[in-house]
Amino acid sequence: MPISRRDALLVGSAGLAAAGLSGGRASAQPAPRAAHSVTVDPAGDYAPGRPGQEYRPVVTPDGATLPWRIVDGVKVFHLIAEEVEHEFAPGLRATTWGYNGRTHGPTIEAVEGDRVRIYVTNRLPASTTVHWHGVILPSGMDGVGGLNQRAIHPGETFIYEWTFRQHGTFMYHSHHDEMTQMAMGLMGMMVVHPRRPEGPLPDRDYAIMLSEWSLPAGASRPDPNAMADFNILTMNAKCYPGTSPLVAAQGERVRLRFGNLSAMDHHPIHLHGYAFTITETDGGVIPETARHPDTTVLVATGSTRTVEFVADNPGDWAMHCHMTHHVMNQMGHDLPNMTGVDARRIDRAVGGLLPSYMTMGHDGMGEMGAHLEMGHMPIPENALPMIGARGPRDYITMGGMFTILKVRPGLTGDADPGWYSNPEGEARLASASELTRDGISEG
Amino acid sequence: MNRNSLSALVLVASALAGCATVEPASVAPAVIAQASERSVLDLSASGSLETPQAAVALAMAHNRDIAGDLLETGIAAAELNSQSRPLNPVLEIVSLPGGDHGRVYDVDLRASVMGVIATPWRARQARAVYEAERSDAVLRLIDFSADVQRAWVSVVAAKQRQDLYARILQSAEAALVVAEELDTAGNRAPIALVREQNMLVNIQLEEGAARLAAEQARAELEQVLGMPVALEDLPDQLPAQAMPAAVSTENILEASLLLARSRAEVEAAARAAGLENWASLLDHAEIGLAAEREDREWARGWMAELSLPVFDQGQHRRAAARLRAEQALERHAALVTRIELAWSTASNVHNLASEQASRVEQDLLPASEAMLDQTLLHYNAMQVGVFDLLAAFQTRTRAGLSWVDAREAADLARISLDQLAAGGSPAAAGDAAISMASQSEAGGH
């Protein structure tokens, strides 16, 4: 990997400060402005970064990484915008829009200093563009339809080309008829690794795109017109129980990169069992002096957040958006509040007309998923209302933007290690002797 | 009067008196048989309330008005028998004191010339009246049969509406229970409960109106049946009815009893106009025998008496007779028009109402059923609440009301068509068809 003399000067310095001093000029790109996270001279020419050499590849759970090839020192990618048959979770499918056969699009991975050429072929029935969210690049490559370029018409292929002058976690998404096209799924993560990383590399590096959908129970195409009532909240376009668990061996350094391109919502992502450090935004690396420990990171829409921690606490740990309606699947939000009503009286009154009627919600929604799981309450085809999943000890009453971090001693590979056995014990029913011993009255 | 003359007079009178007679008691059963044949109904069968046709038989057994109407035909038969004989001769005897020669007697035996000569014509007229009365009786039976069927259809439809409204009321009561529970639990503002209470009252009023309509329909059926009727004795829903037979307008005109009578009246009026040419001249003409006893001696002779057309030559009566003939023709033409209009109206109403009923059966009912099913699925999936579920239930039930409205209109129109095809009155059939059409337009009951 060729490194310029200027690189040598920059290594070990704070990237932000150094970036502002650079005066070099990349081919086909104006003099780099102050990129926010640089580890090498932004004006330098660098060989394309290679996985396993310049970076440890990021993992996109339930997703993929966009393949590339090198042509004359340029990393060439090809994004194909097209309609996709997507499964959010078992039992819930939809016709969405995505890239390269998946929703969301595959993660684009590069290294700071890489020259990239990205072809975008439009196989959609509508025109589109691609905006490279958070990337410092020439104006003509920014992808805002009508402003920076004309829209890519159906059947056309456009070329975007620039050199990454920064590293960090970014996103890409349609910037033509955004309301429709992002609601339909046209987005993906983009990770640019530092050419000269500081500190140890993470052992596990996960990229997670947060998004929200309006998909009425029984429907099979997201509704772009929705403005408030989103009922499918996803991580990498999967809602629990469709989300695959994140895994880590005990003691491994874990990096989680969150991006949020939800139409109308921010997501406070909470990780159980750990305090992490928020290390980056899509604006760049957060200076260490500004970092603080936290258990919840608020990922505002249109932004990315990267957190890091050492997985030193084995177990099965929930990780989810802490907006409680965001961990519900296809819950109707215009229902009467049945909490606390006399269900028997209502059952008698309504059951006289509709024998299969059963009052629901009078003692909360917790039993809903289990009821549906038992199959004695038929629901619309292609629907995932209030459904969580059967856990190792009971029914997990969460859905939506929920996944599980599984930390195990000595874990190798990415396979799901199964449920944790809680060797140190777990919450259980108190015995009578224990209640007596500690003077606890249940009355 | 010599013996031969007297014998001839008696012979002629006897011959004229010997015309065929009609047994009055046999007329009513014949009328029933004729009406049965025309309306394809067994009016003498044992009746029930299971079908409109069976209700007609029941009405025949219980309705005293119709029994009284049938006796009218017997009366007409007796009148026919009476009119078929010559007018009896008049015997006039005058006895006066004759002084020394004893009493004077003046004996006249005379008979009305027209009373004798016109006996066949009068008999024909009487037969025409009898036939008309008999035809009227058949017509009344056919119309009565249609009225009974209409009353039956209306009451069954009203009963069905009452049941459906009871279901709607039940769902509104269930909604109020939910609202009360939500209110008790403190889950909603009090206005929500008040809203449900108001909705319940409105539906209670609708249900009350349906019960009132059912009661009125039941009372009307009682009237035509002539016997008490309980709603429980009637079917819960309108039965499937066969489509009316394809009949042309020409067939309807041919079958019409009113039109046949009108034709007869035209012919009778024409005959009367012709007869009037003579009758007006022989307004009063009598011939007879005269005997007078005076001085203990009988003197015999004959007599003739007639009015002299000095001041009135009968031209006014003849003019009136011609006008009556013309009037009968005009009325006949008007009747033809009324029948044609009644038939086309009933046909159109039947076609439209049947189409409407089919659409309700094939589209609306399955759609509302599917809507309820889907709402239940979405309720199970907690996408909609219990009020939405009850609303879907009400929508399905109201689709049932639409079905009843359409079916009732179609059934009533079909009855009108059958009535006309059997020769029934166009007024009743047409009015019923128009009435149902306007009711359907106004949303039924």
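Predicted model: local features only at pLDDT ≥ 70, side-chain atom pairs only at ≥ 80, totals over all residues.
Local features here need pLDDT of at least 70, side-chain atom pairs count only at pLDDT 80 or more, and totals for chains, interfaces and linings use all residues. Residues are numbered from 1 along each chain as its sequence is written, chains are lettered from A and ligands numbered from 1 in the order in which they are written, and side-chain values use heavy atoms, with hydrogens and water left out.

Begin in chain A by selecting strands E4, E9, E8 and E6, which in that order form an open sheet of four strands with mixed pairing (strands are DSSP runs of E, at least two residues, and helices runs of H or I, at least four, numbered from the N terminus; two strands pair if DSSP finds at least two bridges between them). Its edges are E4 (105–111) and E6 (131–133) of chain A, each of which pairs on one side only. Zoom in on E6(A), which runs antiparallel to E8 (168–173) of chain A and is joined to that strand by three bridges; here His133(A) stands opposite Met171(A) of E8(A).

Next, select helix H4 (343–351) of chain A, where Ala343(A), Ile346(A), Ala349(A) and Val350(A) are buried (buried means under 20% relative accessible area, exposed over 50%, partly exposed in between, with a 1.4 Å probe and protein chains only).

Finally, go to chain B and select Val310(B), in the loop between strand E4 (297–306) and helix H10 (315–380), which counts as exposed because its relative accessibility is 52%.
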